[in-house]
Each structure stands twice: as C-alpha cells, then as structure tokens.
Amino acid sequence: MTPQKPSPAPSDPVTSHDLTLTQRAALTSGAGDFVTEAAGDVPAVSMSDGPHGLRLPKEEGDGGQVDLHSAAPATCFPPAVALGSSWDPDLAERVAAAIAAEARTHGVHVVLGPGINIKRSPLCGRNFEYFSEDPLLTAELGGAMVRGLQQAGVGAALKHFAANNQETDRMRVSADMDERPLREIYLRAFERIVRRDRPWSVMAAYNALNGVPLSENHRLLTDILRTEWGFDGVVMSDWGAVRDRVAALRAGLDLQMPGNGGRTDAEVVAAVEGGLLDVDVVDRTVERLTRFARRATAAGPSEGPKVSHDAHHRLAREAAQRCIVLLKNDNGLLPLDPRAGSVAVIGELARTPRFQGAGSSQVTPTRLDIPLDCLREAADGARVEFAAGYTLPGGDTAPAEDLAVEAEHLAARSDTVLLFLGLAAQDESEGFDRDHIDLPEEQVRLVERISAVNPRVAVVLSNGGVVSTAPWHDRTPALVEGWLLGQGGGAALADVLFGAVNPSGRLSETVPLRLEDSPSHLSFPGEEGHVRYGEGVFVGYRGYDARRSEVAFAFGHGLSYTTFAYSGLTVRPSTDGARLDVRVRVTNTGQRAGREVVQIYSRGPADSRIARPERELRGFAAVDLAPGEEAEVRVGLDRDDLAHYSEREGGWRVEGGRYQIEAAASSRDIRLSEPVDIEGDPSRIRLTGRHTLAEWMAHPVGGPLLSEAFARSGGSNGNTGALADPVMRRFLAGVPLDVISEFPQSSVNPEDVVALAARAAIGPYDGSVGADTDG
C-alpha cells in the first residue's frame with residue numbers, strides 16, 4: 001500500500017511567529033463544546049456529530065455536549081449498521097455529500113465521522129455506528145464517506161482511532177492485543193483510508209492500547225499514523241478523553257476537545273516555560289492546526305442552491321432500500337401482492353419505529369416514514385390491518401396478554417402476517433454494552449403464538465446490533481433484517497415487502513446461533529481495566545469459519561427475489577505480479593431484475609506456516625441484471641493485500657505459495673475457486689544461532705546453506721544426519737541452532753553457526769557459496 005500525495009490545502013504560509021505562546025497554547029484546545037479557538041489569522045472551526053446526519057450543536061449554555069438532542073432538524077440517513085449492508089461505496093459517498101451540503105448551510109466545517117471501528121463482539125452497544133466486522137468492507141464504505149464529505153468542502157473526522165470496540169469502561173479500558181491483530185484487523189481500515197482518502201482529521205479514542213492511553217500514544221499518533229502512513233491532518237481527542245495535555249501534545253495529539261476554560265492551556269504554557277515541553281512541539285502542532293483551520297473554512301458557507309430536504313429524504317429512502325437484507329424466503333412468501341389478499345401487520349415497532357441508535361449520533365429528522373402508514377399507502381387493493389402485539393418501554397401500558405390475544409386473532413383471519421420485532425432504544429446505546437443478543441421474551445413468545453395460527457409469517461427486524469434468531473427462525477418462512485434504516489426506512493420496507501424494490505442487501509457481520517459462539521465471547525469485555533483480544537485475527541467470520549462453527553446467517557449473506565449463477569472465473573496476475581485481475585460471469589437466472597454483490601475471497605497456501613483464517617474478503621463488486629441477462633464482473637486485487645503482518649519480521653509479508661481465489665455470494669456460499677501461484681516476499685530476518693532449526697530451514701538463504709552443511713557432515717552418501725530421520729527432525733525443529741551445535745556428534749559446531757549466519761546475511765543463496773562452511 002503506497003502512500004498517496006496529500007490532498008491540496010490552502011497554500012498560504014503556515015507560521016506562528018505572530019502569536020504569543022498563550023495564543024498558541026489556546027489553539028490546542030477547543031473554545032467551546034463544538035468549536036475550536038481562533039487566534040490571529042487562524043479561524044475557528046465549527047464541528048458537529050453526524051456519522052449519518054447532523055446533530056447540530058446547541059448554543060452555549062443550552063445543554064451543551066450533554067444534551068443529545070439536535071438544535072435543528074436534519075436528514076437522518078441509515079446509520080452505518082445498515083449502510084454497511086448495502087455493500088455500495090457509491091451510495092455511501094452520495095449520502096456523505098448530502099450530509100456535507102446540510103453541514104455547509106448550517107456553518108459546520110467538520111463532521112465527526114465516519115466511525116470505522118471493527119465489530120469485535122455483537123454485544124458492543126455502539127455497533128450501530130460501525131460498518132462491519134471486516135476491515136476491507138469497512139475501509140471501502142468509510143473511505144467513500146470521507147470522499148463524499150471532503151469533496152463537498154466539509155472535513156471528515158475519522159474515528160475512533162483505535163481498538164475502540166466496546167462501551168464498558170470505555171474511557172479507561174486498555175485493549176491488550178498482539179501486533180498482528182492490531183495491524184491486520186483494527187488498524188487496517190484506518191490505514192487504507194488515511195493513505196487513499198486523506199481525511200482532514202482523525203479522532204483519537206477514549207481507550208488505551210496495551211496500557212497506553214490513545215491520546216498519549218506516541219507510537220500510534222506519530223510513529224504509525226504520521227510517519228508510516230503519511231497523515232498530514234489534525235489529530236483531535238474524543239470529547240473528554242485527555243487526562244494529561246502535555247503528554248498528549250508530545251505524543252502527537254493536536255486538539256483537545258471540548259474546551260475547558262483555558263485550564264490545560266495554562267498547563268501547556270507552564271510546561272514550555274519550565275523546560276518540560278519543547279516549544280517546537282507546540283509550534284508543529286499549531287502549524288497543523290492552522291493548515292486544518294484554513295482548509296476547513298476555505299469553502300465558506302454554501303454558495304449553491306438551498307438544500308432540498310425533500311430530495312435528501314428521497315435519498316434516505318433509496319439508501320434504506322439498498323440496506324435491507326432478505327435473510328430467508330421459503331417458498332417465495334415475499335414479495336406480497338399489493339393488489340390482493342389481507343395482510344396483518346403486527347408489532348408496535350411498525351407503528352413506533354426505531355430508525356437510529358441512541359447517544360451522540362442522534363439526529364432530529366426532517367420527517368419520518370412510519371412503516372405501518374407506508375404499507376397502507378403502498379397497498380393497492382390488499383387489506384392491511386394492525387395489532388400492536390406488545391408494548392415498548394414508555395409506550396402503551398395495556399396488558400401484555402390482551403395485546404397478544406388481539407394479535408393472534410388478527411393473524412388467524414389474515415392471509416399473511418408481517419411481524420415487526422426488534423430492540424427498544426434502552427437495549428443498545430452509546431455508553432453501555434448489551435448483556436445478551438436475544439429479543440425480548442414477550443416478542444419470542446409472540447412469534448410462537450402467531451406461527452401456530454398462521455404459517456405465512458414474515459418477520460421484519462429492527463435492531464442496531466445482531467439479534468439471535470435461532471430459537472424461532474425455523475418457524476417463520478420469511479425473515480427480513482431491517483436494521484435501523486433512518487427516516488426513510490418505513491417507505492423502504494414497504495417498497496421491499498410489496499416488491500416494488502428487489503432487496504440486495506448483504507450482511508456485513510455474522511449472525512451467530514448463540515452468543516457463546518462469538519470468537520471474542522470469553523474475553524469480552526474484560527476485567528479490572530483490561531480486555532485481552534485473545535481471539536487474535538480470528539474476528540467475526542474469520543473466527544466462526546476457523547472453528548467450523550455453525551451460524552444462523554453468514555457474513556455476506558443476502559437473498560433476492562431473483563437468482564444468479566456464476567461461471568467462468570479467471571485470475572490473471574499483472575506482468576509485474578503486483579495486481580490480480582479477477583473476472584467472473586454472472587447471469588440472472590430468475591424472473592425479476594436484480595442486483596448481485598459478487599464477493600472475492602482468498603485462501604492462503606495449504607502449507608502455510610502461519611495461523612490463517614479459512615478465507616478473507618479481498619474485494620467485491622455489484623452488478624444489476626435484467627432477467628436472463630449476463631455480465632462480466634471484474635475485481636482488481638493488490639498482491640500486497642495477501643500479506644500478513646509478521647511480528648518477527650517487523651512488517652507486512654506476502655507468503656509464497658498457491659492461493660485459492662474464490663468468487664462467492666457469502667463467506668459460506670463459495671460458487672467458484674481458482675488457484676494462483678504467488679511469489680513470496682524475501683525474508684527480512686537476519687538469522688542467528690538463536691533461531692530454531694525450523695526457522696533456518698524455512699529461510700530462503702539459510703535453509704539451503706544449512707542443508708548443505710548437514711549433507712557434508714553425512715559423508716559421501718549424502719546422508720544429512722539427524723535431518724534424514726523425520727522423527728528426529730520434528731524433535732529438533734523447535735530447538736535453537738546454537739543449542740544443536742553444542743550436542744555431541746552434532747553436524748555443525750558453534751563456529752559453523754557463526755559462519756552460516758554471516759553467509760545467510762549476504763544475500764540470496766545461488767549454490768556457489770558454502771563450500772567452506774567451517775569458515
């Protein structure tokens with residue numbers, strides 16, 4: 001992954017010579033809840049929460065940051081949990097551009113999003129704000145939102161950097177993990193977006209990583225983010241995350257948010273004057289903040305036509321349509337005919353929908369489509385009747401049994417039942433994690449009662465995190481995952497249920513049979529201030545597949561009202577071997593036009609020496625096809641994307657061997673597979689006597705040298721001594737070579753080991769060295 005050039009910024013010289021030390025220190029913290037300080041010719045920057053729509057800041061003294069209501073209505077688009085299931089970066093970019101347009105009309109310069117943390121556990125209370133359990137899918141959708149915002153002149157704040165995967169003890173907990181999962185899973189999406197899409201700012205998370213708070217983590221904020229990845233923007237804190245402002249400045253945190261009345265500004269001044277903080281650190285920070293402020297305010301207020309909330313609502317509806325996932329549809333129960341029959345709509349969530357999550361991302365919508373109303377409007381002859389079936393917290397207080405009996409009677413006299421189930425707002429929110437993944441017990445009992453009187457039941461789910469469907473989904477022929485769909489979700493559901501729109505959403509996270517099957521289950525959410533990421537790289541489908549766990553619905557799964565066939569998979573490496581050109585033909589074999597999301601996975605070499613997931617998503621592409629139509633889908637893969645992070649080698653490394661490239665409809669629905677031979681990267685390891693026999697033999701230079709040395713010691717028959725005995729070879733595989741050299745009758749002595757190590761460090765072995773292995 002090669003760093004790209006930074007996006008252009010205003011070219012005025014960035015200096016701080018005209019500012020006093022007090023002014024410079026003031027620039028490093030907010031002037032209020034959602035605005036930065038201005039000083040000299042450095043303008044103030046206005047910010048707003050807004051991963052899926054603006055939560056406009058209120059006036060100072062009117063509730064401030066603890067008031068989670070918006071100061072004005074804004075379009076509420078589908079949250080990331082839903083948008084992730086669209087597998088549609090172009091759509092995500094359009095949504096972000098619409099959010100940016102609204103931001104500019106309200107004088108907002110930076111939107112605090114997107115959130116791209118990985119869904120490590122289904123219990124995370126903030127999963128509704130995140131896209132996926134997979135870093136590539138997360139990077140494609142999150143990167144599209146960054147582009148959509150910034151191309152429209154509004155800055156993105158990529159968050160929460162990094163390893164912020166739970167709400168329990170979220171402001172203090174240390175995420176403790178090895179370097180490989182950190183790089184491959186939890187930093188990978190950040191790296192892709194920073195290198196490719198150049199966000200103007202990154203928000204450091206509340207938590208610590210391996211004991212070091214993110215706001216004070218020099219390795220992540222400076223060594224990795226800036227030096228390795230070439231980030232040229234500003235690092236801001238999450239709100240209230242900074243505990244030591246001077247240490248945070250040294251680490252590379254530019255902006256503490258929110259403002260605190262100048263208290264930490266004074267600490268910065270005192271540290272500089274007392275010789276505890278180099279003034280150059282402050283000046284470099286001020287240069288970045290100045291560049292950021294000029295870039296963010298360069299576009300000025302909106303100069304285009306006034307934002308059309310009607311047009312944005314139509315986009316919200318279109319986006320919601322693309323996000324709905326048809327999980328199950330036995331015997332083609334869906335779509336329903338809007339012109340005939342009777343439909344029982346059961347469930348309070350059809351009348352009182354949840355359309356977004358709770359916490360800092362709450363949007364006051366410009367309007368709200370109610371599923372029940374939209375179903376009635378879409379029915380063109382079909383009779384639609386309603387029964388609540390259950391209550392939601394704070395709603396109707398009617399007896400539960402009376403509501404269930406009413407729903408049961410309606411279901412019995414109707415042709416088909418649309419049963420709306422899901423979670424209440426109090427069940428999942430920023431600030432706390434969930435205790436389980438079950439639906440409320442009264443809803444599960446209602447499924448049983450309704451299914452007993454009417455076999456034609458389609459369940460429609462409304463939830464921000466996955467829910468267990470295993471206890472009841474076998475009783476219902478159709479199941480629709482509606483997630484939280486934003487303000488246009490009600491109409492979008494009616495469009496899909498009545499067939500005006502063919503669903504094409506795909507799961508961006510696995511739905512397990514049981515919570516206990518989750519790879520992180522035994523180590524989530526940790527204890528005593530630490531959470532150990534014991535599953536390593538085996539997160540989400542990587543873990544379920546590695547353990548051969550049965551799941552309710554696999555990552556990438558989603559049905560359509562039509563069917564698709566795959567054929568003709570080809571994988572062609574580029575001339576220089578840096579790219580793989582993957583092509584597959586897809587045919588619509590059904591009776592309706594539809595959209596198919598083709599997923600490309602890779603499987604590592606069968607003889608891989610590292611612990612690898614069964615398969616990993618490497619790319620995807622969607623194709624729209626009419627009935628009977630066929631098209632070629634093309635996906636380009638970078639060879640470097642096949643790399644794993646080697647802690648021993650200190651970097652990314654592609655392991656050589658035969659890979660399988662798979663075209664699939666989900667991680668468990670592999671349609672075609674094609675092998676491709678990949679040349680591995682040369683080892684960067686400098687061999688010593690402390691490396692084991694197995695490590696020596698696996699080394700492209702050291703292996704042949706050592707084999708030759710053992711062969712010479714075996715005499716004229718070429719016997720390699722201990723290496724000729726497979727049992728002894730396995731016995732010695734984990735023993736350092738300097739220990740083997742001290743064994744009596746060893747084929748190499750300590751002096752040989754030193755000489756071999758020196759020769760191995762010279763370069764590729766070509767067979768011409770080693771005749772004088774004794775040195």
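**Reading salt bridges, rings and cores**

User: Is Asp 197 buried or exposed?

Analyst: Asp 197 is buried, at 8% relative accessible area. The cut-offs are under 20% for buried, over 50% for exposed and partly exposed in between, with a 1.4 Å probe and protein chains only. Keep in mind that this is a predicted model, where local features need pLDDT of at least 70, side-chain atom pairs count only at pLDDT 80 or more, and totals for chains, interfaces and linings use all residues. Residues are numbered from 1 along each chain as its sequence is written, and side-chain values use heavy atoms, leaving out hydrogens and water.

User: Which residue forms a salt bridge with Asp 197?

Analyst: First the general idea: side chains of opposite charge can pair when their charged atoms come close. The rule here asks for a side-chain nitrogen of Lys or Arg within 4 Å of a carboxyl oxygen of Asp or Glu. Arg 147 meets it with Asp 197, the closest N and O atoms being 2.9 Å apart. This pair links distant parts of the chain, with Arg 147 in helix α4 and Asp 197 in helix α6, 50 residues apart. Helices are DSSP runs of H or I with at least four residues, strands are E runs of at least two, and both are numbered from the N terminus.

User: Where do Arg 445 and Glu 441 lie?

Analyst: Both are in helix α15 (residues 441-453), 4 residues apart, about one turn of the helix. Elsewhere, salt bridges that share partners join Glu 93, Glu 140, Arg 147, Arg 196 and Asp 197 into one network.

User: How many aromatic pairs are there?

Analyst: Rings of Phe, Tyr and Trp (its six-membered ring) pair if their centres lie within 6.5 Å; planes under 30 degrees apart are stacked, over 60 edge-to-face, and the rest tilted. The whole structure has 9 such pairs. One of them, Tyr 541 with Phe 555, is stacked, at 4.4 Å centre to centre and 20 degrees between the planes. Phe 555 is buried at 0%, and Tyr 541 is buried at 1%.

User: How many residues has the largest nonpolar core?

Analyst: In soluble globular proteins, nonpolar side chains tend to be buried together. A core here is a set of buried Ala, Val, Leu, Ile, Met, Phe, Trp, Tyr and Cys residues joined through side-chain atoms within 4.5 Å. The largest has 150 residues, with Phe 161 and Phe 420 among those with the most contacts inside it. A second, separate core of 35 residues includes Trp 239 and Leu 289.
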